[in-house]
Every structure is written in C-alpha cells, then in structure tokens.
Amino acid sequence: MNQALLRHPRFVSLEGGEGAGKTTAINAIRDLLRAQGHEVVLTREPGGTPLAERIRGLVLTPDAEIAGEPLSPEAELLLVFAARAQHVRQVIRPALQRGAFVVSDRFTDSSYAYQGAGRGLDPQWIADLEKRAVGLQPGLTLLLDVDVAVGRARANGRDLWPDRIETEQDDFFQRVRAQFRQRAQNDPQRFSLIDASQDQAGVAAQVRGAVSHWLEQERVHE
Ligand code: T5A
C-alpha cells in the first residue's frame with residue numbers, strides 16, 4: 001500500500017475515554033448531516049465489518065473467556081490494526097469514494113491513546129502501521145473530554161459486564177486521556193475539543209456547532 005496518509009474531508013471520527021458519551025454525539029452528527037441531504041455511514045472500531053467485529057470480540061472479551069491466557073499488548077495492537085485494515089478497505093474507502101460521509105466511533109487516535117500511552121507501546125510502531133495498513137485520517141476528529149472518574153461512573157452505571165479494557169485501573173485511563181489531549185493540542189486543525197462533562201443536550205449542542213463550523217470552513221458540503 002502507498003505509505004502516504006490521506007486526510008479525507010468527509011471522514012469524521014469521535015474519540016474519548018470510557019463513558020464520554022460518543023453515542024449521543026454520533027447521533028447528533030448523523031441527524032445534522034442527513035438534514036443537509038448527505039448519505040451518512042455510521043460505523044465503529046474495533047469493528048465495522050463482520051470480520052472486524054469478530055476481531056473486536058478477541059480484543060474486548062475478558063481473557064479467561066477466550067483462551068485462558070492474557071492477550072499481550074503487542075498482539076492487542078496488531079489485532080486492532082488488523083480490524084482497522086479490513087474496515088478501511090471494506091467499508092470506509094468505498095463509502096468515501098461514492099460521496100458519503102463516514103462517521104466512526106473511534107479510529108487510529110484510540111490506538112495511540114490505549115495501546116501507545118495506556119500499554120506503553122512505541123508510538124513510532126503505531127505510526128508505521130497507520131501509514132502502511134490504514135493510509136487514511138479523518139478530516140475532523142471530535143475529542144469528547146471528561147474527567148476519568150466521571151466517565152467511568154457513567155460507563156459502570158450501565159447494566160453491562162465490564163469488557164477486558166474496562167477492567168483496567170484509573171492510572172491507565174489517565175494516561176489515555178492525557179494522550180488524547182496531547183494529540184488534540186498538537187493538531188488543532190483536525191481536532192475539536194468537546195467538554196463532555198456537560199449534560200447530553202449540552203454535549204450534542206457543542207458537537208453540532210463544531211461540525212457546522214467545520215463544514216463551513218472546509219466547504220465539504222459543496
Ligand atoms: N480500543 C479501541 C483500543 O484499545 N484501541 C483501538 O484502536 C480502538 C479503536 C471499545 C474499546 O476498545 C478500545 C477502547 C475501548 O475500551 P467500546 O465498548 O466501544 O469498546 O467502548 P467505548 O467506545 O469507550 O464505549 P462506551 O460506551 O464506554 O463509551 P461512550 O460510547 O463514549 O459512551 P455512551 O454514549 O455509550 O454513554 C455511556 C453512558 O453514559 C451516559 C449514557 O446514557 C450511557 O449510559 N451518558 C451520560 N450521562 C450523563 N451526561 C452525559 N453527557 C452523558 N453522556 C452519556
């Protein structure tokens with residue numbers, strides 16, 4: 001594959017820690033873009049294709065339920081990139097090529113945050129994988145930023161068993177949050193920082209404002 005990273009103007013990603021409220025945000029973006037007559041493909045990572053969803057199961061199912069052996073950080077990184085390579089080829093590129101907007105719940109920034117900062121893997125390795133196996137970046141990334149304790153309390157408030165990553169300790173999620181914030185600071189042209197401590201209506205309003213501003217600025221609606 002060509003090793004250049006293409007930043008696509010109709011590709012939007014949402015990022016943030018656990019319980020940041022990405023579901024509300026993604027629905028607000030979908031409604032806004034559809035109201036303007038655009039085709040919108042909503043998708044998520046890890047996952048987004050049948051095969052990638054199976055890989056998601058390997059990444060998120062607690063170790064004891066799969067093979068009874070811990071998944072190594074290196075294997076975790078390669079699995080999320082295997083899922084992403086499949087997702088890009090099968091879903092994201094074809095949708096962008098036919099003129100649709102693609103809105104993804106998480107993308108490669110999550111790998112820098114969780115596998116890079118969280119697990120301590122070399123970010124250069126992640127950058128190489130991003131260039132070789134993905135080749136694509138969102139034109140707009142909304143970072144839903146919220147205090148780790150608040151986000152975890154929200155996620156734990158749901159009546160669901162924690163997945164393999166949700167069982168990590170607070171210091172892991174503090175490193176994840178710090179990495180997301182650092183990436184947003186380093187790339188203000190792509191990132192929009194959303195205060196996700198507000199209630200759902202407040203978060204949705206910020207998201208609509210950020211997407212409208214971006215559409216206007218980039219004139220991607222024409
Ligand atoms: N991962 C992913 C990696 O490690 N590497 C990678 O490369 C990639 C792509 C994905 C996991 O995989 C990891 C990161 C993740 O750990 P997931 O289940 O999709 O697994 O995890 P999350 O994306 O974190 O999903 P969550 O559901 O935990 O978070 P959301 O989607 O941000 O939160 P949401 O919208 O479901 O809301 C959670 C709860 O909070 C309430 C909601 O009603 C819901 O109950 N809520 C609010 N409450 C009050 N105020 C608000 N503003 C609220 N917003 C939501």
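Trainee: Which helix gives the most to the shell around the ligand, and how many residues does that helix supply?

Mentor: In this predicted model, H5 makes the greatest contribution to the shell around the ligand, supplying four residues.

Trainee: How many residues surround the ligand, and which are the closest?

Mentor: The ligand is surrounded by 26 residues, of which Lys22, Arg106, Ser111, Arg158 and Gln198 are the closest. By class, the shell holds 11 charged residues, eight polar ones and seven nonpolar ones.

Trainee: Where does the ligand sit, and what does an oxygen atom of the ligand find at Gly21?

Mentor: The ligand sits in the largest pocket. A backbone N or O atom of Gly21 is 2.9 Å from an oxygen atom of the ligand, while a polar backbone atom of Ala20 is 3.2 Å from a ligand oxygen, and at Glu18 a side-chain N or O atom lies 3.0 Å from an oxygen atom of the ligand. The ligand taken alone exposes 1000 Å², and the protein buries 84% of that area.

Trainee: Turning to Asp195, why does this residue count as partly exposed?

Mentor: Partly exposed describes values between the buried limit, under 20%, and the exposed limit, over 50%; Asp195 counts as partly exposed because its relative accessibility is 35%.

Terms used
Residues are numbered from 1 along each chain as its sequence is written. This is a predicted model: local features need pLDDT of at least 70, side-chain atom pairs count only at pLDDT 80 or more; totals for chains, interfaces and linings use all residues. Side-chain values use heavy atoms; hydrogens and water are left out. A residue is near a molecule or strand if one of its heavy atoms lies within 4 Å of it. A polar contact is a pair of N or O atoms within 3.5 Å; within protein, one must be able to donate a hydrogen and the other to accept it, and residues adjacent in sequence count only if both atoms are side-chain atoms. Accessible areas come from the Shrake-Rupley method with a 1.4 Å probe; for residues, only the protein chains shown count as cover. On a 1 Å grid over the protein atoms alone, a cavity is a set of points where a 1.4 Å probe fits but cannot get out, and a pocket is an open set with protein on both sides within 12 Å along at least five of seven lines; lining residues have an atom within 4 Å of a point. A molecule sits in a cavity or pocket if more than half of its atoms lie within 2 Å of its grid points. Helices (H or I, at least four residues) and strands (E, at least two) are DSSP runs, numbered from the N terminus. Ala, Val, Leu, Ile, Met, Phe, Trp, Tyr, Cys and Pro count as nonpolar, Asp, Glu, Lys and Arg as charged, and the others, Gly among them, as polar. Buried means under 20% relative accessible area, exposed over 50%, partly exposed in between (1.4 Å probe, protein chains only).
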